[in-house]
Amino acid sequence: GLDMQTALRALAAPMPRPALKLEIDGEVHVSDPLVAETILRIVQEAMTNSARHADADTLHVVLRHHGDQILLDIEDDGRLRGAMCEGNGLAGMRERVVAADGELRLGKSTSGSLHLHVSLPA
């Protein structure tokens, strides 16, 4: 499988904020390039949105394997301002996930930040 930890850390390295807090389950093996690209682009967009819209300092990304799915949970330490609306960034995420035969759910965390939950085929 592809080394998602190295790829995600390299993606985050040039961005001064938010800091990436990454947890990857040892059982996660991404061999499909489309799934890997989807994960990378979603995390990239989440980092941009967290810095731009939520004024977040840290982005927490959890990647795990469950059954025949790869699960990606993303939450930052920022705050949603106003009502949650799906702009171009979130719509782009949704399009990427659907193209990879996955599902994207958006929610609000208990701390008031945006929570993204993505499931993709393993």
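## What covers helix α3

The buried residues of α3 are covered by elements that include α2 (33–53), β4 (103–108) and β5 (114–121). Contact here means heavy atoms within 4.5 Å, and helices (H or I, at least four residues) and strands (E, at least two) are DSSP runs numbered from the N terminus. Please keep in mind that this is a predicted model, in which local features need pLDDT of at least 70 and side-chain atom pairs count only at pLDDT 80 or more, while totals for chains, interfaces and linings use all residues. Residues are numbered from 1 along each chain as its sequence is written, and side-chain values use heavy atoms, with hydrogens and water left out.

Helix α3 spans residues 88–99, with 12 residues, and reaches 16 Å from its first C-alpha to its last, close to the 16 Å expected at 1.5 Å a residue (the expected span is 1.5 Å times one less than the number of residues). Leu90, Met93 and Val97 of α3 are buried; buried means under 20% relative accessible area, exposed over 50%, and partly exposed in between, with a 1.4 Å probe and protein chains only. Seen down the axis of α3, the buried residues fall within an arc of 55 degrees, so they line one face of the helix. That arc is taken from the directions from the helix axis to the C-beta atoms. As background, an α-helix has 3.6 residues a turn, so residues three or four places apart point the same way.

On the other side of α3, Asn88, Glu95, Val98 and Ala99 are exposed. After the helix comes Asp101, with a positive phi near 65 degrees.

Asn49 is buried, at a relative accessible area of 15%, and touches Ala54, Leu90 and Met93, leaving aside residues up to four places away in sequence.

## The sheet

Five strands make an open sheet in the order β1-β2-β3-β5-β4, with mixed pairing; two strands pair if DSSP finds at least two bridges between them. At the edges stand β1 (19–24) and β4, each with a single partner strand, so one side of each is left without a neighbour in the sheet. From one strand to the next, the twist averages 15 degrees.

Strand β3 (residues 69–76) pairs with β5 in the antiparallel sense over seven bridges, and Ile70 stands opposite Leu120 in β5. Helix α2 packs on the sheet, touching β2 (58–66), β3 and β5, and its direction makes about 10 degrees with that of β3. Helix α3 also packs on the sheet, touching β4 and β5, at about 145 degrees to the direction of β4. Axes are lines fitted to C-alpha atoms, for helices over the stretch in contact, and angles run from 0 to 180 degrees between N-to-C directions.

β2 and β3 pair in the antiparallel sense over eight bridges. They form a hairpin with two residues between them, and Gly67 in the turn has a positive phi of about 60 degrees.

## The nonpolar core

The largest nonpolar core has 31 residues, of which Ile39, Leu72 and Ile74 touch the most other members. Such a core is a set of buried Ala, Val, Leu, Ile, Met, Phe, Trp, Tyr and Cys residues joined through side-chain atoms within 4.5 Å. α2 gives the most to this core, with eight residues. β3 is mostly covered, with six of its eight residues buried.
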